[in-house]
Amino acid sequence: MSTNPNERWETQLQTIAGDFTYPPTPDLTAAVTEALAADKRIPTPRRLQPVWVALLVLLLILVSALSIPTVRAAVMEWLQIGTVRIWLAEPSPTPTAASPSLAPTTTPMSSVLDVAGKSSLLAAQAQVNFPIRLPALPADLGEPDHVYLQQAEGDMVILVWMQPEEPDQVRMSLHLLGPGAFVWKMQPPDVVEVQVSGTPAFWTQGPYYIKVGSGRTWGSVRLVDGHVLIWTEGNITYRLESDLALADGIRVAESLRN
Amino acid sequence: MNEEETIRRACQGDEAAWLALVRTYQTSIFRLAYLLLGDADEAEDVAQDVLIRAYRGLDHFDRTRPLRPWLLQITRNLARNRRRAARRYLAAVTRWWQATGAAPVVPAPVVQRDADLLWQAVRRLSEADQAVIYLRYFLELSVGETAAALGIAEGTVKSRLSRALGRLRTVVEADYPQLREEGRL
């Protein structure tokens, strides 16, 4: 045995810990199999939601309008998906003098917590009229560390997960914008059209400003760095902020569960 | 069949391959959950949830890496969430007791083995200290596996262990004289 007292202590600790008696391990095969089978039996609704009918009509109008050069120049100033409008050129109104600079930064907790409305999953779910769905990926994610409920001309739920080993750094945030909520994103450097579950989505890369609220009253203005995936399901618009690559971001988006 | 091949088959829908993985790792998952939560029923619920989430994410798992540390990483995070919810519930129950003037029932002490006393002492530490001690000493993971399960470098595991053991020693020396007797610890 080692003469070093610390090593001896550690060895004795290891011996005692190895003697620990656990309750019998339950056989989880049946329960897990049953749960996964039930998961597969719930089909994802595939019928075309009214919002997509409206978007298809809008798309047809846009395609026609884009054949006219002057109209084309005006239309491509912004893109919209769900309740999120992405300005590609500088819009009016412009950011206020109090807004932060565009120097890229990581997303410390304080910038996320600039939003008001600290809540909990249970309390937020009780107040909104849409299901607060959580991502099943990454597999070690668990429930959000912080939940916020805001009004942005409609209900907006913000779910925040912190880095496990760096509790003051955001790992990922998911915004759920209910009917009527409105968000403007201003001049992200890159906007790419992608798909989530086969439906149109946008992928943007920061930094850029985000304004929440109406054209007259802004709930909050803040700088976002990192990647954002925006998509809709039914009448809910989702924004996923993270440093994930596009393919991983799409997998997370497609893993939402009740 | 090696683990990488078993995972590949499980991802392709081979139920026998998937169940083989469940049987291989359910004990480690359950035991870590039990150590963190202190309740067998809660641990069973968490273990089941871990395996369901692992199945959903298995397709994206890097099969060149060992599976156990990844599963234990999920276990730790889900147990931590569960514990937070339990603390809120316990706080609510405590407030109710205080409001009614009733005293909570305190279980009578029983003769405890050294390992149970050690576990009690470890549970006095922070969640981060508990996790590294449970993984390294109770579940006997290697330094490399412990690092993978915690998502940190091996050197960081060693330094965290050193600090956690120092804090554990303080707790044992102050409050667990039985463990100090006869040089047990």
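Modeller: First, a term. Buried means under 20% relative accessible area, exposed means over 50%, and partly exposed lies in between (1.4 Å probe, protein chains only). This is a predicted model: local features need pLDDT of at least 70, side-chain atom pairs count only at pLDDT 80 or more, and totals for chains, interfaces and linings use all residues. Residues are numbered from 1 along each chain as its sequence is written, chains are lettered from A and ligands numbered from 1 in the order written, and side-chain values use heavy atoms, without hydrogens and water.

Biologist: Which residues are exposed on the other side of α8(B)?

Modeller: Helices (H or I, at least four residues) and strands (E, at least two) are DSSP runs, numbered from the N terminus. In α8(B), the buried residues are B:V157, B:R160, B:L161, B:A164, B:L165, B:L168, B:V171 and B:V172. They cover an arc of only 140° around the axis, taken from the directions from the helix axis to the C-beta atoms, so they sit on the same side of α8(B). Exposed on the other side are B:K158, B:S162, B:T170 and B:A174.

Biologist: What do the buried residues of α8(B) pack against?

Modeller: Contact means heavy atoms within 4.5 Å. One partner comes from chain A, namely α1 (5–18). The others belong to chain B: α5 (114–122), α6 (127–138), α7 (143–150) and α9 (177–180).

Biologist: How far apart are the end C-alpha atoms of helix α8 of chain B?

Modeller: The expected span of a helix is 1.5 Å times one less than its number of residues. Helix α8 (residues 154–175) of chain B has 22 residues, so it should span 32 Å. The model agrees, with the end C-alpha atoms 31 Å apart.

Biologist: Which residue pairs with B:R169 in a salt bridge?

Modeller: A salt bridge is a side-chain nitrogen of Lys or Arg within 4 Å of a carboxyl oxygen of Asp or Glu. Both partners lie in helix α8 of chain B, 4 residues apart, about one turn of the helix. The N to O distance is 3.5 Å, and the partner is B:E173.

Biologist: What is the relative accessible area of B:Q130?

Modeller: B:Q130 is found in helix α6 of chain B. Leaving out residues up to four places away in sequence, B:Q130 touches B:L35, B:L36, B:R83, B:V122, B:R123 and B:L125. B:Q130 is buried, with a relative accessible area of 3%.

Biologist: Now the interface. What area is buried between chain A and chain B?

Modeller: Buried area is the accessible area (1.4 Å probe) that two parts lose on being put together, summed over both. Here 41 residues of chain A are in contact with 51 residues of chain B. Carbon and sulfur atoms give 62% of the buried area, which is about 4300 Å².

Biologist: Which side chains meet in a salt bridge with an N to O distance of 2.8 Å?

Modeller: Across the interface of chain A and chain B the rule finds 1 salt bridge. The side chains that meet at 2.8 Å are B:R113 and A:D19.

Biologist: Which helix gives the largest share of the side of chain A that touches chain B?

Modeller: α1 and α2 (29–41) of chain A each supply at least two residues of that side. The largest share is 10 residues, and it comes from α1(A).

Biologist: Last one, inside chain A. Which residue forms a salt bridge with A:D140?

Modeller: A:D140 lies in the loop between β4 (134–135) and β5 (146–151) of chain A, and its partner is in strand β7 (residues 166–177), 31 residues apart. Both residues are buried. The closest N and O atoms are 2.9 Å apart, and the partner is A:R171.
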